[in-house]
Amino acid sequence: MNARAFAIAGLALGCIGASAQSLRLEVDTEEIHAGLPFVLSLSASGFEESPEPAAPELAIEGSTVTYLGMSPSVSRQIQIVNGERSEWKDVTFVYRWRVQPDRAGRYVVPPLTVAQGVREAVSRAASFEATDAERATDMFVRMLLPDRPVWVGETFDAVVEWRIARDVESYEFVVPLFDVEHLRFETPPPGGRTVSFAAGTGDVDLPMQRDTVVEDGVSYTRLRFPARVSAGRPGTLDLPPVRVAARLQSGTYRDAFGFRRSRTALFEARGERRRLVVRALPEAGRPPGFVNAIGTGFSIDVAASRSVVRVGDPIELTVVVRGDGDLEGLSLPRLDGSGGLPPEYFSVPDTPPFGVVDEAGNAKTFDVTVRVRSAEASEIPPVALSYFDPVAGAYATAQSRPVALAVRSGDVIGAADVTAAGAPAETGVAAPAPNAPVVASTGSLLGADMSLSAPALTLAPAWGARASRVPIALLYVLPLLGAALHFAWMRTSVRRRQGREVARARRAVEAELASGAPAREAAPRVLRALRTLAAAAGREDAIDSALAERLETTSFDPSAGRAPLDAETVAAVRDVVREAGARRDRQGATGVLAIALACGMWLASAEPAEAQSEASPDALADARETYGAALAEPDRVRRTRLFAEAERGFRAVAAQRPDAPDLLVDWGNAALGAGDRGRAVLGWRRALAVDPGNERAHRNLAWVRDRAPIWLPRPAAAGALDSLLFWRGRLSVAQRHWVGAGAFALAVALWIPWSRRRAKALRRLAVAPLVVWATATGSAVLSTGVSNAGVLLADGATLRSADSVGAPPAFGNPLPSGTEITVLEERPAWVRAALADGTQGWLPASGVGRVGT
């Protein structure tokens, strides 16, 4: 119905408050009639764009008022006159209410206040007149509801039926059923004409069906508006009559030009009061697998993507549910619950699957990925769907048809299939000796290397795996300390030569003093020796001029012919000897001593390597014996249990000796035999972390990767860079640290100039070990592959987009155990991980094993 906005007669359009703010009341109809709603709008102008003013409270006595919302309007104007720019902004907030007067009469709209900070505007009180519309005698309306009680969640039909005998210009319905808050209306399918009905604070679109009926000789146009309705809570609804107001042709008239025109008038038709009873679903007889399927004629079909599988392989199931009910909100019951798949044969995802509704086929399709856990599964059993039939008022169950499966089981082997390394198999032996390596071949493990390591090599650590801080540090510190000592020795060579000359000069002076020669002869020789000593010590000023003058005078004094030098002169000479012979520069020895002391203190404070606890020989022997018994066991279930027991034994020993790669491979093999691919991959990856060249670990890891689902991202194969840096795949991080430390020690040793003739040649040779040191140590320091690597231990885990069980999946399929990931972030209960293709998400921390221990 097209309606223009008119100001209500008698409404005051001004406001009380600041002159910049104004309020205006409008209605969307020319006439207001009792029992028919209209929209009252309040336009508030002169306010700022934000914050939005709160809606005023509106209550009109004798009317039903429903707030419909607010819509802001902002308009800007820019004007440039004589180069001056002017800008205006007009902000208007429009508040809307649906008002339905109960009866004819005058109604008062109270003053309304709109406030925004210090700005405020108040409208004056206004009034409007509501009149009764004329009752039509050739127009009828009624509400068609089920003639029985309906149930909570049941989708039932409610039809508004309108019959008219005259042409209609415009119309408007009042349907009390549509104003009930807890009712939900289905969206009609696309296509065809629809009519909008007021429903609470919104609208509901219903399809329109049109035909012609004849009653009592009168032809009526019948319009039907069917609605699909469901109730959210039980109770009794006493509904007022449905109403329709329409402008019908009431006559004709001629316009100013003489043409005949139709004259219309507003008429009203009312239906009857209706009662709708909504009952709660009965508790008695409710099946355990019932979720929320309510309707009639439900059926369920299950189809599998393949029928020939191996234990652990995924199967994509397509579950199609059909029925006459609310399919949009329908949820699939848990497949491992009552009436679902046996948990001992199948594993299913924890999260409920999402379904897609097919309106045309009246069906909803779910895609679920399950995994086969046992070779004893021969079929996908019937899946039950429990639903409530509202017509019968009872629960019912529909079942799908079973789907046949062919699950490959392991080939039964005997002792003849178990061989010792280097010795032929012996028939009739129940199991190999505990210390003998064994080889197994089973159907489900065809191609995997299930041999155990030789007993002598099981606990052998990989070279460099027990690297501690002190030995590697010594390879850095000792060469540097040797170089420092050498350079200190070379730097002090001049001082040492000077010291030898000073010592000879001192001995010469002492010899002259001790010769006992007459003073006239001894004085010149002592003076020469003193001057030689002063020159050798670099202390020419050490000889006092008075002493030198005394010695020179004595050498020419005739009276000093026979007597030796006097005691005073000898004491003065010896004072000069002591002063000139003292060493002035001790910095070289002190510096070397400081370097040596600092290195010793650093090594003393270094943390010793973490001691490896000795593994129990009996525990290892028991694990090997159980592993051999598992290979010899013909029964599949008992064989799997024996492998699981062996896996627990190897795991306990491996926790004590994580540096033994062959032991880690044995642990992975036992886990593979037990069907635990997560721990199998974890054991092999840890073995490769300490011994990257272990062939058994490489072979079995490639075997598992080849059998992973095609949609699962796999680690990238070796590329050109990996081929160039081939040594990275053959040396562990600890081994690269050893190689780098050794190369550094060799480079420093070659750099020290042991011989002047060979110094240049040796320094050229030092370039090669320096390159090896920089490459090996740099790659070890920058390597994060092992420290951040992880393996998914839980089967069927969902990679989620956030660290919450309610977060949506970040990857399309549940991840199988053994999926290799990179841990990016750790939280108390979650880890953020990346798959091999870069897809990131969150996994439960309890289901992830770290490769780096």
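Here's a quick tour of the nonpolar cores and salt bridges in this structure. Keep in mind that the model is predicted. Its largest nonpolar core has 40 residues, and the salt-bridge count comes to 38.

**Nonpolar cores**

- Met 139, Leu 177 and Phe 178 have the most contacts inside the largest core.
- Leaving out residues up to four places away in sequence, Leu 177 touches Met 143, Leu 145, Ala 158, Leu 183, Phe 185, Leu 239 and Leu 276.
- Another core, of 37 residues, lies apart from that one, and Ala 630, Phe 650, Val 690 and Val 851 are among its members.

- Arg 222 pairs up with Asp 211 in a salt bridge, with the closest N and O atoms 2.7 Å apart.
- Arg 222 sits in strand S19 (residues 218-231) and Asp 211 in strand S18 (residues 209-215), so this pair ties together parts that are 11 residues apart in sequence.
- Both ends are partly exposed: Arg 222 has 22% relative accessibility, and Asp 211 comes in at 29%.
- Through shared partners, salt bridges join Arg 142, Glu 161, Asp 211, Arg 222 and Arg 224 into one network.

- Asp 795 and Arg 371 meet through their side chains in a salt bridge, at 3.4 Å from N to O.
- This one links distant parts of the chain, 424 residues apart: Asp 795 is in the loop between strands S35 (789-792) and S36 (820-826), while Arg 371 is in strand S29 (residues 363-372).
- Asp 795 is partly exposed at 39%, whereas Arg 371 is buried at 7%.

**Asp 313 with Arg 310**

- Asp 313 forms a salt bridge with Arg 310, and their closest N and O atoms are 4.0 Å apart.

Technical notes. Residues are numbered from 1 along each chain as its sequence is written. This is a predicted model: local features need pLDDT of at least 70, side-chain atom pairs count only at pLDDT 80 or more; totals for chains, interfaces and linings use all residues. Side-chain values use heavy atoms; hydrogens and water are left out. A nonpolar core is a set of buried Ala, Val, Leu, Ile, Met, Phe, Trp, Tyr and Cys residues joined through side-chain atoms within 4.5 Å. Buried means under 20% relative accessible area, exposed over 50%, partly exposed in between (1.4 Å probe, protein chains only). Contact means heavy atoms within 4.5 Å. Helices (H or I, at least four residues) and strands (E, at least two) are DSSP runs, numbered from the N terminus.
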